[in-house]
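Have the viewer open while you read.

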Amino acid sequence: MSDIETISAKEIDRYIFNPAYLLVDVRKPAEYRKMHIKGAVCIPHEYLLQRMRGLGRVVPILYCDRGGLSMQAARELLEHGYRAVSVVGGIQAYRGRYLERDIR
């Protein structure tokens with residue numbers, strides 16, 4: 001089995017507006033609403049595999065809170081023949097300008 005592709009949190013910005021990639025938050029919807037990266041879609045980890053077919057040829061860049069869940073999700077996708085990239089350190093490591101927070 002090949003290694004899981006990873007990027008650092010500071011590399012996220014270069015992928016946000018690239019149509020070949022889709023930023024996917026694998027946390028629960030409530031966590032996504034509190035804080036997420038602009039342009040990311042929320043597909044909770046437990047639904048990710050069943051939603052992959054609908055993504056077409058787009059490569060998902062997965063992130064979670066600290067990186068463990070997205071790494072597990074990327075491993076599962078790889079085992080099913082999909083390519084995915086995991087963000088090391090998750091959203092907690094992200095310091096870019098595209099962080100969106102719920103200010104309520």
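Two rings of Phe, Tyr or Trp (its six-membered ring) count as a pair if their centres lie within 6.5 Å, and planes over 60 degrees apart make the pair edge-to-face. Keep in mind that this is a predicted model.

**Ring pairs**

How many aromatic pairs turn up by this rule? The count comes to two. Take Tyr-15 and Tyr-21: their ring centres sit 4.8 Å apart with the planes at 75°, so this pair is edge-to-face. Both partners, Tyr-15 and Tyr-21, are buried.

Phe-17 and Tyr-98 form an edge-to-face pair too, with 5.4 Å from centre to centre and 80° between the planes. Phe-17 belongs to the loop between β1 (5–8) and β2, and Tyr-98 to the loop between β6 and β7 (99–101), so the pair ties together parts that are 81 residues apart in sequence.

**The cores**

The largest nonpolar core has 19 residues, and Ile-12, Leu-23, Ile-37 and Ile-61 are the ones that touch the most other members. Which strands each supply at least two residues of this core? They are β2 (21–25), β3 (35–37), β5 (59–63) and β6 (85–88). Of these, β5 gives the most, with three residues.

Apart from this core lies another one, made of 14 residues, including Ile-4, Ile-43, Leu-77 and Ala-84.

Setting aside neighbours within four places in sequence, Leu-23 is in contact with Ile-12, Ile-16, Ile-37, Lys-38, Gly-39, Ala-40, Val-41, Ile-61 and Tyr-63.

Val-87, in strand β6, is another buried residue, with a relative accessible area of 0%. Beyond four places in sequence, Val-87 touches Ile-7, Ser-8, Ala-9, Ile-12, Ile-61, Leu-62, Tyr-63, Gly-67 and Ser-70.

**A cavity**

By the cavity rule, there is one cavity of 30 Å³ or more, and about 30 Å³ of space lies in the largest cavity. What lines it? The answer is Tyr-15, Ile-16, Tyr-21, Leu-22, Leu-23 and Ile-61. Strand β2 gives the most to this lining, with three residues. By class, the lining has six nonpolar residues, no polar ones and no charged ones.

**Other stops along the chain**

His-45 is in helix α2 (residues 45–51). With a relative accessible area of 16%, His-45 is buried. Leaving out residues up to four places away in sequence, His-45 touches Val-26, Leu-69, Gln-72, Ala-73 and Glu-76.

Arg-83 sits in the loop between α3 (68–79) and β6. At 41% relative accessibility, Arg-83 counts as partly exposed. Past its neighbours within four places in sequence, Arg-83 is in contact with Glu-5, Tyr-21, Val-59 and Pro-60.

Leu-78 has its place in helix α3, and at 24% relative accessibility it counts as partly exposed. Arg-95, from the loop between β6 and β7, is exposed, with a relative accessible area of 69%.

| Pair | Along the chain | C-alpha separation |
|---|---|---|
| Val-87 and Leu-62 | 25 residues | 6.1 Å |
| Arg-83 and Ile-61 | 22 residues | 9.4 Å |
| Arg-95 and Val-59 | 36 residues | 22 Å |
| Leu-78 and Lys-38 | 40 residues | 25 Å |

Terms used:
Residues are numbered from 1 along each chain as its sequence is written. This is a predicted model: local features need pLDDT of at least 70, side-chain atom pairs count only at pLDDT 80 or more; totals for chains, interfaces and linings use all residues. Side-chain values use heavy atoms; hydrogens and water are left out. A nonpolar core is a set of buried Ala, Val, Leu, Ile, Met, Phe, Trp, Tyr and Cys residues joined through side-chain atoms within 4.5 Å. Buried means under 20% relative accessible area, exposed over 50%, partly exposed in between (1.4 Å probe, protein chains only). Helices (H or I, at least four residues) and strands (E, at least two) are DSSP runs, numbered from the N terminus. Contact means heavy atoms within 4.5 Å. On a 1 Å grid over the protein atoms alone, a cavity is a set of points where a 1.4 Å probe fits but cannot get out, and a pocket is an open set with protein on both sides within 12 Å along at least five of seven lines; lining residues have an atom within 4 Å of a point. Grid points are joined across faces, edges and corners, and a volume is the space filled by probe spheres set on the points. Ala, Val, Leu, Ile, Met, Phe, Trp, Tyr, Cys and Pro count as nonpolar, Asp, Glu, Lys and Arg as charged, and the others, Gly among them, as polar. Rings of Phe, Tyr and Trp (its six-membered ring) pair if their centres lie within 6.5 Å; planes under 30 degrees apart count as stacked, over 60 as edge-to-face and the rest as tilted.
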